[in-house]
Amino acid sequence: MTESVIPTRVLEGVELPAAGTWRIDPGHAEVAFIGRHFMLTKVRGRFTAVDGAVEVAENPADSRVSVTIEMASVNSGDQARDDHLRSADFFDVESNPVATFVSTGVRWEGNGGSMTGDLTIKGVTKPVTLTVDYLGYAQDPWDNHRAVFSARGRINREDWGLTWNMPLAKGGLLVSREIDLELEVELIHAG
């Protein structure tokens with residue numbers, strides 16, 4: 001007799017994912033960034049190769065997250081810009097093919113909270129705090145149990161040595177220092 005999986009649980013009146021290991025579904029994960037060009041126009045990009053897992057603990061505040069991002073997978077919709085982002089001016093993917101995020105703390109209340117972790121880009125590790133929302137649970141047509149999360153935060157790219165820029169004739173910079181991060185992630189229950 002096969003043991004049935006209980007994919008969710010109710011804590012303090014809120015449905016949350018069951019404790020256990022939940023793997024990122026790379027085909028349904030987006031790590032996106034938004035910067036400003038000429039300090040005016042939003043430029044959006046994303047990484048298409050993301051992998052990792054969430055260890056959901058009985059107490060959500062004890063949960064852990066580990067993510068790996070292949071930096072060469074950057075896609076902003078412009079080949080010349082993507083090649084520049086992969087160069088030594090920015091991500092230097094030849095020497096630093098991956099970025100990582102490892103959580104160091106979680107605050108949780110209801111169906112949301114915040115997560116602090118160490119983000120490593122180009123060999124530089126700095127703390128980052130993300131606001132996290134649990135969007136819900138779904139069972140797909142292949143009987144996989146999925147938990148869906150959204151997260152967002154803001155970083156100063158120069159903290160990771162991503163300092164390339166050009167001054168503008170009337171003041172300001174070509175590329176903003178502040179970068180917004182937006183994550184949409186489907187996790188599959190792995191046990």
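Okay, let's start with strand β5, which is mostly covered: 5 of its 7 residues are buried. Buried here means under 20% relative accessible area, with exposed being over 50% and partly exposed in between, using a 1.4 Å probe and protein chains only. When I say strand or helix, I mean DSSP runs numbered from the N terminus: E for strands, at least two residues, and H or I for helices, at least four.

Before I go on, a word on what we're looking at. This is a predicted model, where local features need pLDDT of at least 70 and side-chain atom pairs count only at pLDDT 80 or more, while totals for chains, interfaces and linings use all residues. Residues are numbered from 1 along each chain as its sequence is written, and side-chain values use heavy atoms, with hydrogens and water left out.

Back to β5 and its partners. Strands count as paired if DSSP finds at least two bridges between them. β5 pairs with β3 in the antiparallel sense over 4 bridges, and with β6, also antiparallel, over 6 bridges. You can follow this through V54: it's the β5 bridge partner of W22, and in β6 the partner of V54 is V65.

Now let's zoom out. The protein has 1 helix and 12 strands, and along the sequence the pattern goes β-β-β-β-β-β-β-α-β-β-β-β-β. The C-alpha trace spans about 70 × 30 × 30 Å along its principal axes. Of the 191 residues, 42% are buried.

So what about the inside? A nonpolar core, by the definition used here, is a set of buried Ala, Val, Leu, Ile, Met, Phe, Trp, Tyr and Cys residues joined through side-chain atoms within 4.5 Å. The largest one has 40 residues, and the members touching the most others are F47, M71, F91, F101, I121 and L130. Several strands each supply at least two residues of this core, including β3, β5, β6 and β12.

Let's pick out two of those members. I121 is found in strand β9, and it counts as buried because its relative accessibility is 9%. Contact, by the way, means heavy atoms within 4.5 Å. Not counting residues up to four places away in sequence, I121 touches M71, F91, A99, W160 and L162. Have a look at G161 too: it's 40 residues from I121 in sequence, and the two are 8.5 Å apart in space, C-alpha to C-alpha.

Then there's L130. Why does S114 count as buried? Because its relative accessibility is 14%. Leaving aside neighbours within four places, S114 is in contact with G105, V106, R107, T129, L130, T131 and V132.

Last topic, the aromatics. Rings of Phe, Tyr and Trp (its six-membered ring) pair if their centres lie within 6.5 Å; planes under 30 degrees apart are stacked, over 60 edge-to-face, and the rest tilted. How many aromatic pairs does a search of the whole structure find? It finds 5. One of them is Y134 with F149, a tilted pair at 5.2 Å centre to centre and 50° between the planes. That pair links distant parts of the chain, with Y134 in β10 and F149 in β11, 15 residues apart. Both Y134 and F149 are buried. And ring pairs also link F33, F47 and F91 into a cluster.
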